[in-house]
Amino acid sequence: MEREKSAGYLTNWAARLFAKGMDRRLREAGLSSGQLPLFFALGDGRALSQKALVEAASIEQSTMAATLSRMERDGWIERTANPDDGRSALFRLTPAALKKVRLVEDAVTTGNAEALSGLSKADQKSFLTMLRTVIAALEQAEQGGR
């Protein structure tokens with residue numbers, strides 16, 4: 001097996017490097033790359049249920065529960081009763097976390113620019129299109145395997 005010819009290996013390697021860079025950029029603000037999916041989903045100030053967050057972030061239920069608990073403990077997430085469903089809660093970023101949204105956006109923009117710097121603008125666009133196509137194929141395969 002040659003790792004340089006494995007799409008899965010190379011994608012995972014790139015993802016780990018993205019996460020390390022993001023952690024480095026976010027560390028000073030007390031944040032980490034593992035919290036990014038929640039900033040992406042809730043950064044506009046809305047509140048979502050845990051089920052909606054799992055779907056929006058494509059993260060396993062148990063991982064989402066643990067992330068929400070840690071972020072709530074750290075003062076980044078607040079939980080309120082869901083007025084439409086008394087059995088569930090809604091989660092939103094706290095005012096302190098909302099103040100960090102711009103910093104998170106800047107860190108993501110910088111990380112993406114750094115990663116794509118070796119590609120032309122046209123190749124960057126093609127690369128993102130191809131990644132979305134790969135993700136769609138993998139999601140379809142995952143749904144078929146359930």
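Rings of Phe, Tyr and Trp (its six-membered ring) pair if their centres lie within 6.5 Å; planes under 30 degrees apart count as stacked, over 60 as edge-to-face and the rest as tilted. The model is predicted: local features need pLDDT of at least 70, side-chain atom pairs need pLDDT 80 or more, and totals for chains, interfaces and linings use all residues. Residues are numbered from 1 along each chain as its sequence is written, and side-chain values use heavy atoms, with hydrogens and water left out.

**Exercise 1. Find the aromatic pair and classify it.**

Step 1. Apply the ring rule. The count comes to 1 aromatic pair.

Step 2. Name the partners. They are Tyr 9 and Trp 13, with 6.0 Å centre to centre and 65° between the planes. The pair is edge-to-face.

Step 3. Helices are DSSP runs of H or I with at least four residues, strands are runs of E with at least two, and both are numbered from the N terminus. Tyr 9 and Trp 13 sit 4 residues apart in helix α1, so about one helical turn separates them.

Step 4. Check exposure. Buried means under 20% relative accessible area, exposed over 50%, and partly exposed in between (1.4 Å probe, protein chains only). Tyr 9 is partly exposed at 31%. Trp 13 is partly exposed at 28%.

**Exercise 2. Describe the fold of the protein chain.**

Step 1. Count the elements. The chain has 7 helices and 3 strands.

Step 2. Read them in order. From the N terminus they run α-α-β-α-α-β-β-α-α-α.

Step 3. The C-alpha trace spans about 50 × 40 × 30 Å along its principal axes.

Step 4. Look at burial. Of the 146 residues, 27% are buried.

**Exercise 3. Which residues have the most contacts inside the largest nonpolar core?**

Step 1. A nonpolar core is a set of buried Ala, Val, Leu, Ile, Met, Phe, Trp, Tyr and Cys residues joined through side-chain atoms within 4.5 Å.

Step 2. The largest core has 27 residues, and Phe 39, Leu 42, Leu 53, Met 64 and Leu 93 have the most contacts inside it.

Step 3. Find the sources. Two or more residues each come from α1, α2, α3, α4, β3 (89–93) and α6. The most come from α2, with 5 residues.

Step 4. Follow one member. Contact means heavy atoms within 4.5 Å. Beyond four places in sequence, Leu 93 touches residues including Phe 39, Leu 42, Met 71 and Trp 76.

**Exercise 4. Is Ser 33 buried or exposed?**

Step 1. Locate the residue. Ser 33 lies in the loop between α1 and α2.

Step 2. Ser 33 has 17%, so Ser 33 counts as buried.

Step 3. List the contacts. Outside four places in sequence, Ser 33 is in contact with Ala 19, Met 22, Asp 23 and Leu 26.
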